[in-house]
Amino acid sequence: MAERSKRDQIVKVRLTGEEQARFRQICAERGITMSAGVRRLVREAAAFGPSMDGESRAVILELVEQWRAIGVNLNQLTKALHSRQNPSIDRLKEIINICIDDLESHASVYRALCAPRFERASAVLRGESVS
């Protein structure tokens, strides 16, 4: 598993009492701290991708498992080539094309997961009303 990034930068924000109370309520409803809530908003606005929680977490973990399987397939292919098993060029192309198709499909799922959040965050930053 990837090592967690060190969170050593601080952002200070001034809010009205009403803004803070509402944001605190939103965070409490989601079972997260206000710090985690701000971090999620920043990640979405900066297009870093979704936070790893809830349904997003399950989808991302499934994608990671599928990417691992693709890596295993490519590794087996490489071993076959290095051991002089001489798979046919057609078989090589077939395996590589399957891997490419799988990766493209997974990338589409990931983009679909991230895009709505990024668009919403971008709209808010532009000052547009979102629901």
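This is a short talk on the overall build of one predicted protein model.

First, the ground rules. Because the model is predicted, local features need pLDDT of at least 70 and side-chain atom pairs count only at pLDDT 80 or more, while totals for chains, interfaces and linings use all residues. Residues are numbered from 1 along each chain as its sequence is written, and side-chain values use heavy atoms, with hydrogens and water left out.

Now the fold. The protein has four helices and zero strands. Those are DSSP runs, numbered from the N terminus: H or I of at least four residues for helices, E of at least two for strands. From the N terminus, the order is α-α-α-α. The protein is more spread out than a compact globule, because its radius of gyration is 21 Å, well over the 14 Å that the globule rule gives for 131 residues. That radius is taken over C-alpha atoms, and the rule is 2.2 Å times the number of residues to the power 0.38. Along the principal axes, the C-alpha atoms fill a box of roughly 70 × 30 × 25 Å.

Next, burial. How much of the protein counts as buried? The share is 18% of the 131 residues. Buried means under 20% relative accessible area, exposed over 50%, partly exposed in between, with a 1.4 Å probe and protein chains only. C27 is buried at 2% relative accessible area. C99 is buried too, at 4%.

What about disulfides? The count is zero, taking a disulfide as a pair of cysteine sulfur atoms within 2.5 Å.
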